[in-house]
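Please keep the display open and find each residue as it comes up.

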Amino acid sequence: MSKQIAGWIMDRNLRAFLELLSRYVGYAFDDTDWATVEDGVQDTDDEKPDGWYSYPLAGTHATLDVSLARSVGSEVLSVSVTGAETPELRLRTDTLLSAFAGI
């Protein structure tokens, strides 16, 4: 089992985050995926254990489980990613989290 990579991003960056992460695992993230995720995170709450939404990115190179939850009252989304088995994928995932938290 791989280590969890967790952080937060600004909610306006969610689609770009998922599209880039999908490229790294060989998954074609499309408009249907986006509509599903966008709907799924609507009523999430990062302070509730059962308040998270999980979406798999099953690509040709790896399968990641991305869990998301809103920080109620802000524009922040908490993010947790599992399944990044290689050092390169862990680094890329962590870098994306850092980048999309800052812009």
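Which residues does F17 touch, not counting residues up to four places away in sequence?

1. This is a predicted model, and the opening question can be answered from its atoms. Leaving out residues up to four places away in sequence, F17 touches I9, V79, V81, L96, L97 and F100. The residue itself is found in helix α1, and with a relative accessibility of 0% it counts as buried, because buried means under 20%. A residue that F17 can be set against is T44, which is 27 residues apart from it along the chain, with 18 Å separating the two C-alpha atoms.

2. In soluble globular proteins, nonpolar side chains tend to be buried together. The largest nonpolar core here has 26 residues, and the members that touch the most other members are L14, F17, V37 and L57. At least two residues of this core come from each of β1 (5-10), α1 (14-25), α2 (31-40), β2 (53-58), β3 (63-70), β4 (76-82) and α3 (87-102), while α1 gives the most, with five residues. For L14, if residues up to four places away in sequence are not counted, the residues touched are I9, W34, V37, V41, L68 and L77.

3. The sheet deserves a careful look. Strands of a sheet pair through backbone hydrogen bonds, either parallel or antiparallel. In this model, four strands form an open sheet in the order β1-β4-β3-β2, and the pairing is antiparallel. Because β1 and β2 stand at the edges and have a single partner strand each, one side of each is left without a neighbour in the sheet. From one strand to the next, the twist averages 25°.

4. Helix α1 packs on it and touches β1, β2, β3 and β4, with a direction that makes about 170° with that of β3. Helix α2 lies across β2 and β3, and runs at about 160° to β2. A35, which lies in helix α2, has a relative accessibility of 42% and therefore counts as partly exposed. Between A35 and R15, which are 20 residues apart in sequence, the C-alpha to C-alpha distance is 10.0 Å.

5. How many bridges link β2 and β3? These two strands pair in the antiparallel sense over six bridges, and a hairpin of four residues joins β2 to β3. Along the pairing, S54 stands opposite S67 in β3, and the bridge partner of Y53 in β3 is L68. Strand β2 has a covered face, made up of Y53, Y55 and L57, and an uncovered face, made up of S54, P56 and A58.

6. The structure holds two aromatic pairs. A pair of aromatic rings is described by the distance of the centres and the angle of the planes. The ring centres of F17 and F100 are 6.3 Å apart and the planes stand at 90°, so this pair is edge-to-face. Since F17 lies in helix α1 and F100 in helix α3, the pair ties together parts that are 83 residues apart in sequence.

7. Y53 counts as buried at 17% relative accessibility, and Y55 counts as buried at 12%.

8. Is S80 buried or exposed? Its relative accessibility is 7%, so S80 counts as buried, and its place is in strand β4. The side chain of S80 makes a polar contact with the side chain of Q4, at 2.4 Å. Beyond its neighbours within four places in sequence, S80 is in contact with Q4, I5, A6, W52, D65, V66 and S67.

Notes: Residues numbered from 1 in each chain as written. Predicted model: local features only at pLDDT ≥ 70, side-chain atom pairs only at ≥ 80, totals over all residues. Heavy atoms only, no water. Core = buried A, V, L, I, M, F, W, Y, C linked by side-chain atoms within 4.5 Å. Buried < 20%, exposed > 50% of the residue type's maximum accessible area, 1.4 Å probe, protein only. Contact = heavy atoms within 4.5 Å. Pairing = 2+ DSSP bridges. Axes fitted to C-alpha atoms, helices over the stretch in contact; angles between N-to-C directions. Phe/Tyr/Trp six-rings, centres within 6.5 Å; stacked < 30°, edge-to-face > 60°. Polar contact = N/O pair within 3.5 Å; in protein donor to acceptor, adjacent residues only side chain to side chain.
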